[in-house]
Amino acid sequence: MDVLVCSTQVPFMSGGLELMVSNLVDALRGSGHRAEAVSVPAAWDRVRLFDAAMAWRLVPLDAELVIPVNFPAYFARHHNKVPWLAHQHRAAYDALGQPWSDFGVDTASLDDHRQLVDWDIRALAEAPRRYTISGVVADRMRRWCGLDATPLYQPPPLADQLKPRATGAGDHILCPTRLEGNKRPGMFVDGLAAMRNRVPAVLAGRGSLAGELEAQVDRLGLDGRVDLPGFVPDDDLVDLFRRATAVVYSPFDEDYGFVTLQAFLAGVPVVTAADSGGVLEWVEHEVTGLVTDGTAESMAAALDRLVDDPELASRLGRAGRERVADLSWDHVVRTLVGAR
Amino acid sequence: MTPVVALAATAGEARSLVPFLSLVGSGGRIVSWHRRGAAGVDAVVASDPGMLAQIAPALAESKVGRGEVPTVACRVRSAGDFAAARELSATVTFTDVAELAGPDGPLGDVEPLLVPEHGIDLGRYPVIPPLSRQRMREAHGLPDPLVLAVDASAPPRSSSTSLALASAAVVDLALLPLALALGTPTVVDVDAASRFGLTDGVEVLVAATADLNAADRLAATLARDEERCAALSRRARRFAERHLDVAGPASAVRRALGLEPEPSLIDLRLEEVRTPEWSRLTDRAHHALALFTMEPSR
């Protein structure tokens, strides 16, 4: 089957979505399909927000199946459009009222918001089947667009390399994340500072908050205990997961969260927050990890518990690994192409 | 040149055609065939094939106005009417009989176009999904949720504003088309649902009894259920577009009659996702096109 995987990208920005597209194209090709990634540049400011949507409406897409993965790629006009959505335009939905959303309550914003929601509903309703990367994304579509979608989970990057360590307890606490506001890396640093155990920690990743976090580490007297290596190569990241006692991942209302699945594949329990969205589809309190209220005290208490009780950490980690054992690209491909 | 549209109808039928005619003739001049005859007329709207048959000889001889025989839209109300109108070379046909219309109807033809009797100009009333209503209430400092009972005794502008802002509303028969058009999560009584062919839980919620308090309670419960409101709102609007819209058929008739140019590709695409003609996005798209066509943007 000829398949086009459609995405919209802000030039010079790359992240999990681009990786997902690349993995999906590889998986489709691996299953014998002809697959290509098609991308249209976009701008997320409100004035130009609709331009890429209109462009998708006009471009010819000569293929048997079109799989849009994000806003506004699902405006693609095709008889067999099967979205597998990472997210809609969050600034107009779950992030309304956040500082980074430019949808205010002025007349122009309200007009644009109305138009966007209506367009979204119509473009998504054209699809004969709809999938999302997680239950959280499907719930949002149901709540705000009145449309059903089925969560379709994918294996995370490095899935084939992440394995549990053979024996023994971990030697650090790991938080691999982009250093951006919605990922709340500061919550991790605050939690470490409140811990009773002075365990080493690694905050791995890049982002606009790097300088602020370094200052926070200094201010809280964590210098020398918390490593901020920035970007970490894949092999090193696999090793960091393997040696971790616990992984902390507590973004705000995450769509999916590869980090959780990567930790589980490495047999490491995840500590998260009760408002972390899609992470909670995987982290079940005291089964595959620990769910906190997001305060430094509760985060610290959860981490101290796992450090003090390696058997608990091991049991939660094993359960996490079992939880993700069935994730496969083969299943994703078969579902999207409609094969039985 | 301002186009002239003539109405050819019996006195009894003319009144029922006026709302649709005003849309078909918008931007032009609307005259009565009886007063003007065929002189200077660009298009004619005929109330039925009988009337069309009466004026056909005059039409055939007429080459005034644009120098061509006026184009004709004819209302039909049966398969026999449809055949007769075709025989009389009607340019386009329309009907207020839902069962007769569209490719899925007994005629299996795109025509006649459905112009419903209790139709509404959806071009004037864009859908307002529940999440956008919430934002509008926030902007206006209104309570959330906002549950209203709206009936035809309220002034028209007040009704449309209420129905645009409500989280959920109890609506009477007269205002039901407007509520459906605006995508208002709506509670109606059994009679109203039945008259419009609405299904409980699909496009509206139907209050089982005539007790107004029960309807109010149902609306209050509905207003707190985001998923249900979103689904009802979406389906209500689709129902209005399929069964109650007069703006779309009017535009199609205008095009068939030569009163409106065929839309450009980008206009068709904007129409597909029901973008209002007056929206910022339509202007932006036309502006982008104008850069290539060297025509002044709108």
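Reply: Happy to! The model is a predicted one.

Me: Where does Glu286(A) lie?
Reply: Glu286(A) sits in the loop between strand S11 (270–273) and strand S12 (289–292) of chain A. Glu286(A) is not a glycine, yet its phi is positive, about 65°. Most residues other than glycine have a negative phi.

Me: Why is Glu286(A) called partly exposed?
Reply: Glu286(A) has 13 other C-beta atoms within 10 Å. A residue is exposed at 12 or fewer and buried at 20 or more, so Glu286(A) counts as partly exposed.

Me: And what makes Arg274(B) partly exposed?
Reply: For Arg274(B), 19 other C-beta atoms lie within 10 Å. Buried needs 20 or more, so Arg274(B) is partly exposed. Arg274(B) is in the loop between helix H12 (265–272) and helix H13 (280–293) of chain B, and its phi is positive too, near 50°.

Me: How do you know that S8(A) and S9(A) pair?
Reply: Pairing takes at least two bridges. Three bridges join S8 (residues 201–204) to S9 (residues 226–230) of chain A, so the two strands pair, and they run parallel. In one of the bridges, Ala201(A) has Val226(A) as its partner.

Me: Why is the peptide bond between Glu111(B) and Pro112(B) worth a remark?
Reply: Most peptide bonds are trans. The bond joining Glu111(B) and Pro112(B) is cis, with omega about 0°.

Technical notes:
Residues numbered from 1 in each chain as written. Chains lettered and ligands numbered in written order. Predicted model: local features only at pLDDT ≥ 70, side-chain atom pairs only at ≥ 80, totals over all residues. Helix = DSSP H or I, 4+ residues; strand = E, 2+ residues; numbered from the N terminus.
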